[in-house]
Amino acid sequence: MFYRSHVLVCTGSNCNIKGCQGITEALRRELTRLSLEQEVRLVETGCLGLCEHGPALVVYPEGVMYVRLTAADVAEVAEEHLLKGRLVPRLLQPTATVDSGYSLNMSPFFSKQKRIVLKNCGLINPDSIEDYVHADGYIALATTLDTKTPTDVIDVIKKSGLRGRGGAGFPAGRKWEFTRWATGSPKYLICNADEGEPGTFKDRLILEGDPHLILEGMIIAAYAIGATKGIIYIRGEYDLSIRRMEHAIAEARKLGLLGQNILGSELEFDVEVCAGAGAYVCGEETALIESIEGNRGEPRFKPPYPAQQGLWGKPTCVNNVETLANIPAILQHGAEWYQQIGTANSPGTKVFTLTGNIINSGLIEVPMGITLREVIYEIGGGIPEGRSFKMAQTGGTSGGCLAEEHLDIPMDYDSLAGHGSSLGSGALLVMDDSHCIIDLTKCFLKFFVHESCGQCTPCREGTPALYSIIDKLSRGLATESDMRLLKRLSRTMQSSSLCALGQTAPVPVLSALVHFNEEVEAHFKGDCPTCKCHTARGGRQSAN
Amino acid sequence: MTQSMLIQRFIGEPGGLLKALHALQNSNTNNFLSPQDLELVSGAFGVPLAKVWGVATFYSLYSTIPRGRYIIRVCESAPCHVVGAHNILTALAKNLNICTGETTADGKFTLEVTSCLGICGVAPAIMINDTVHGNLTPESLASVLALYN
Amino acid sequence: MLIDVTIDNVCVQVPTGSSLLQAAEKAGIKIPTLCYHPDQSLKAVCRVCVVEIEGQRLLQPACTYPVFQGMQVRTNSPSVREARQTIVELMLSSHPQDCLKCPRNLNCELQSLTQQLNITQSPFPTLPREYQSDSSTFSLIRNPNKCLNCRRCVEACLDVQEIGILYSTGRGKQTIVGTALGQDLNELPCVFCGQCLQACPVGAITEVDETERVWEAIADPRKHVLVQTAPAIRVALGEEFGMPAGAIVTGKLVAALRRLGFDRIYDTDFTADLTIIEEGNELLERLQHGGTLPMITSCSPGWIKFIEHTFPDLLPHLSTCKSPQQMFGALAKTYYAKKVAIDPQDIVVVSIMPCTAKKFEAERPDMRSSGFKDVDIVLTTRELARMLKQSGIQWNDLKEDTYDTPLGISTGAGAIFGATGGVMEAALRTVYEVVTGQELEDIDFKSVRGMDGIKEAQVELGGNVIRVGVAHGLKQARKLMEDIASGTSPYHFIEIMCCPGGCIGGGGQPIPTTNATRQRRIAATYQVDKEMPVRKSHQNEAVSTLYEEFLKRPLGFKSHELLHTHYTKR
Ligand SMILES: Cc1cc2nc3c(=O)[nH]c(=O)nc-3n(C[C@H](O)[C@H](O)[C@H](O)COP(=O)(O)O)c2cc1C
Ligand code: SF4
Ligand code: SF4
Ligand code: SF4
Ligand code: FES
């Protein structure tokens, strides 16, 4: 059937929160009332990215996005736009105007983006495998099985330069190679969807918006490394992701995309979902493995690496959701195509989640190497309430705190590492000038104290010790020797903790000390410039 | 279905022990893992009770003390922190007249703080059981809580 | 294959698969450790052993890091020294540093670390913990406030004994080794073996100290204080005074006890011989009259508690014989009291045991067949050493002394009760001769000796082949029990000792007790046996006299009253 228009309503968790359910129902009513059912197709889809402004809907083919809708607004959109073909300016997305261009593709929020991983998010019904197939889904898998050997696949991925998107940035092709050549069977492929990094929700929205993309990536990966069993470990709080993924797996099994003789080939592979139970550290790959085995989620010492001895002691490859979501496109379009996107050392795109004091908080996908400034001001729409920028933290809670002078750093693995930060999971936290850096640091440390697995001494005992020194500083009571101790402790945690949680916990503290030195000095003297801390000279006591 | 039938299918599955704990906690009227629940898992999975206890006390989604019907979880990670999560927590505590970790006298609400819930797109945000409420202000809380009346 | 590794400029060759810790030892460097235990799996959680490996950004734990060809390692670089110091200081930041009141004072791995690293105080804010100390049992005290989360006790309980009372609980700063639901040990199927205590590097798990009660008894002029020493003490006590593991110190032990002021120094080996007579006859009785088989030994109280909890249906398999400690107590307050004409009420029986579970055994309600508490006070080897140190008695100057008669007369068969397989061997020596009436030529049953988990032997007894099995450590015991439960056990007679290596490896022995020290103590035990003039229990004249004068016959009325017991399902 041919539809004149498609209306996509976002049903990602963030919009669900804001009542998209009501929107969908209202729209369905309106379409019936206006007898448009045969002309306009209503698609419930994944996140559109502009979470801050939800509930939202997009009308295609024009690509017009309406935001912050109420049920009454929906009636107006239906009447005006869908029936009469006239825009409703008052409901357009924030950066669009009738004059400057209203199409999604013309708005900077979308025009600056390059969507590989998110290409279907917001455009297809995630609960429909047909929709995915219509959008060229599973083509990469079919052609790969037809035309490439597993080593070919590994070569393509190695050549593409794809690096892991879960935080460490390890080259995906090499990890696959290790697992392929490791001895032991069966081999496991684990998709890491634990996503506990504060300020990160990209994996959830990919899972919710395009679950089949991840499955396709996993099946190709399994083919390459010789894995027969796949597990998607999804954070326990991600109810909708778990349901959508389980549905997608069931659909894929029905079509012979999982199980034995996948698409008529020799390939055997099946996937199960495991749910976490609330532990950030379980995102660490070996802790995740422990958790799947039914244990406390405590990281294992390495070596041996999971590729040698992973789940139940067998060779295991752990990849992040976004890493796997890149795979079908790379195989479909080739390594050269992929390499042209992004930078030489960090090819491809990266999905970021914008949070904090920023106008367009939400989900974006941009080529690697874009500057912080472009992301914050052009895509993110800048700082709300007329305040000015103070700090951006990339990479999540264990990333560095960057200041104004860092706004032109390209966002890629190496550039950020060069400034004491990281790309991490793609979290980007923006803070305006009304906030105190020491207060924020305390908030970070509180997180680590709570989320340390408690296994190794430097982290279990070190995180609370760091917190108490910073707390002292925030009260204006820190001494010179406290500051020296802080640095010595940080060095020890970084060098000697068992896993990257303890190793990186001091990063935000150290970067804050360097990049916001003036403010630190002020606290040292008993002053909190933003009056967030209860310092010796007074000021307000913060939550921490 | 008896509790032991409820967990039977998870034995031997990847992540089975965690799934069993989830299932038991969800079916417990007080939203927690009772000593009997833990003993059941210990027996069914052939794992010492101390280890089941060790697992249950490791993960923050499990509780070993009875809780209310609705668990309110307030995110206190940085993204919510910088947009005023603290005010939400204070307002909630005042509104419900309980401290963090406590349950209202009528056994309805338990107030907990949590690390990031992955809903920072709409920060400050809270979860009440499996439902997320975002872009909150201390003023809008009353209407959210009213949904649970 | 050998690999070249350079450690602090010293080049050594070590086999592939060695850890850095082993390589460093070869280079003459002892890298400090804490969570590392030579008999356990690697944990790498304390991080005290970190070292610098050339080409690596992070420091790496020497205990787990595998060597590779051409590896360059520095174990004393500034960054290593700083990290090590900071880590130990962090441990101290939540540790109650009350060494003066601590049973582990002067034998504590944390203390040694601070001393080695020249740490006198922690610069970190102290974040004291407020856990309840658990003193619910007669045997062990668990003070989690001193715990360093090294998890050595967890492995001892879960993997060596396969009981799993202790486990890591909580998360982050709240992480602590604890019990299910935070229960006390007396509410749990803990067997009080003290293997956790043996594994603990610090004073977080200790024995219940009863030395004060012994001092009081000795000082009380109205009391006649007897002491009995278990077979395993004489091959271990020397370690407390700087002697090598496996030193045989029987004579000094007796001399020291006499100097402390005990009225009579007796030997549990005597009642060990008696046990063989009773138990041997019980076995023959069961063999001949279709009793429950296999019969299992009953002298290890941790083992008894284990079977009561875990295999209550198999209790009829247990020999009804009391342990040698309890037989001694029962006789001391009946036979001996009458003989020396002292009111049993005024007799105090103290035993020196290698075992923390013996403290619990002495308190069992059924252990009062003399009409009084059969054994009044149980001290571990360590507590005895503590008393000797308090007394100022100079160990090196002690002249050897001998046990008093008659309850101090024993044979080599009694002596080997201390090692795994010893009870079995002693029993076979006697049962064979009693049944066949022939003298046993080779009395060394080597196949039941040593540290193998499960050992077995066969003997021909008057035309019948008797199969015997030996297990030590409850993990091994469980295997044999499961066979019995499923009806597949091939044995007629089984010896089980709760602790690895038998009593010489018990929870009351000098710390450290490792498999290496166990081996040495076992060797010493067989040396003691070899040097004894009489090596078969039925040839112990004092035992024969006891039957003539008092018990009349094995398994007789008096025996049943005083030397046998019953068990309870738990
Ligand atoms: C404390 C901690 C938390 C982590 N959390 C996640 C996570 O939530 N998701 C993820 O994919 N990787 C996470 N990682 C990284 C994983 O250990 C691992 O490197 C990653 O899953 C590998 O996938 P990739 O190579 O595709 O990036 C975390 C690491 C640490 C140390
Ligand atoms: S660094 Fe922290 S999270 Fe990682 S193993 Fe050590 S205690 Fe656990
Ligand atoms: S455990 Fe060691 S360091 Fe701690 S109080 Fe006892 S002797 Fe001192
Ligand atoms: S109790 Fe002792 S052995 Fe057990 S974890 Fe604590 S310090 Fe280690
Ligand atoms: S001894 Fe190596 S980490 Fe503890």
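I started at ligand 1, where a backbone N or O atom of A:Gly283 lies 3.2 Å from a nitrogen atom of the ligand. I count such a pair as a polar contact when the N or O atoms are within 3.5 Å; within protein, one must be able to donate a hydrogen and the other to accept it, and residues adjacent in sequence count only if both atoms are side-chain atoms.

A note on ground rules: this is a predicted model, where local features need pLDDT of at least 70, side-chain atom pairs count only at pLDDT 80 or more, and totals for chains, interfaces and linings use all residues. Residues are numbered from 1 along each chain as its sequence is written, chains are lettered from A and ligands numbered from 1 in the order in which they are written, and side-chain values use heavy atoms, with hydrogens and water left out.

**Entry 1: ligand 1**

I looked next at the side chains that reach ligand 1. A polar side-chain atom of A:Asn320 is 2.6 Å from an oxygen atom of the ligand. For A:Lys175, a side-chain N or O atom sits 2.8 Å from a ligand oxygen. How much of ligand 1 does the protein bury? Taken alone the ligand exposes 610 Å², and the protein buries 90% of that (Shrake-Rupley areas with a 1.4 Å probe; for residues, only the protein chains shown count as cover).

I then listed the shell, meaning residues with a heavy atom within 4 Å of the ligand. It holds 18 residues, the closest being A:Gly166, A:Lys175, A:Asn192, A:Asn320 and A:Thr323. By class I read four nonpolar, eight polar and six charged residues. My classes take Ala, Val, Leu, Ile, Met, Phe, Trp, Tyr, Cys and Pro as nonpolar, Asp, Glu, Lys and Arg as charged, and the others, Gly among them, as polar. Strand S8 (316-320) and helix H20 (500-504) of chain A each give two or more residues to this shell. S8(A) contributes the most, with three. Helices (H or I, at least four residues) and strands (E, at least two) are DSSP runs, numbered from the N terminus.

Around ligand 2 I found 13 residues, with A:Cys453, A:Cys456, A:Cys459, A:Cys499 and A:Gly502 coming nearest. That shell divides into eight nonpolar, five polar and no charged residues.

Ligand 4 is a chain C matter: among the residues around it are C:Cys147, C:Cys150, C:Cys153 and C:Cys200, as well as C:Pro201 and C:Arg151. Its shell splits into 10 nonpolar, one polar and one charged.

**Entry 2: strands of chain A**

Is strand S6 (residues 229-234) of chain A mostly covered or mostly open? Five of its six residues are buried, buried being under 20% relative accessible area, exposed over 50%, and partly exposed in between (1.4 Å probe, protein chains only). On one pairing, six bridges join S6(A) in parallel to strand S5 (residues 188-193). There, A:Ile190 has A:Ile231 as its bridge partner. S6(A) also runs parallel to strand S7 (residues 270-275), again over six bridges. I call two strands paired if DSSP finds at least two bridges between them.

**Entry 3: a sheet in chain C**

I traced an open sheet of four strands in the order S12-S17-S16-S15 (chain C), with mixed pairing. S12(C) pairs with S17 (residues 493-497) in the parallel sense over two bridges. C:Met295 finds its bridge partner in C:Phe493.

I checked for cis peptides. One joins B:Ala123 and B:Pro124, with omega about -10°, and B:Pro124 sits in the loop between strands S2 (109-114) and S3 (126-128) of chain B. Another runs from C:Thr405 to C:Pro406, with omega near 0°; C:Pro406 lies between helices H12 (381-391) and H13 (412-415) of chain C.

I also noted positive phi values outside glycine. A:Glu385 has about 55°, in the loop between helix H15 (372-379) and strand S11 (389-394) of chain A. A:Glu385 counts as exposed, at 76% relative accessibility. C:Leu181 has phi near 55°, in the loop between strand S8 (176-179) and helix H5 (195-199) of chain C. C:Leu181 is partly exposed, at 25%.
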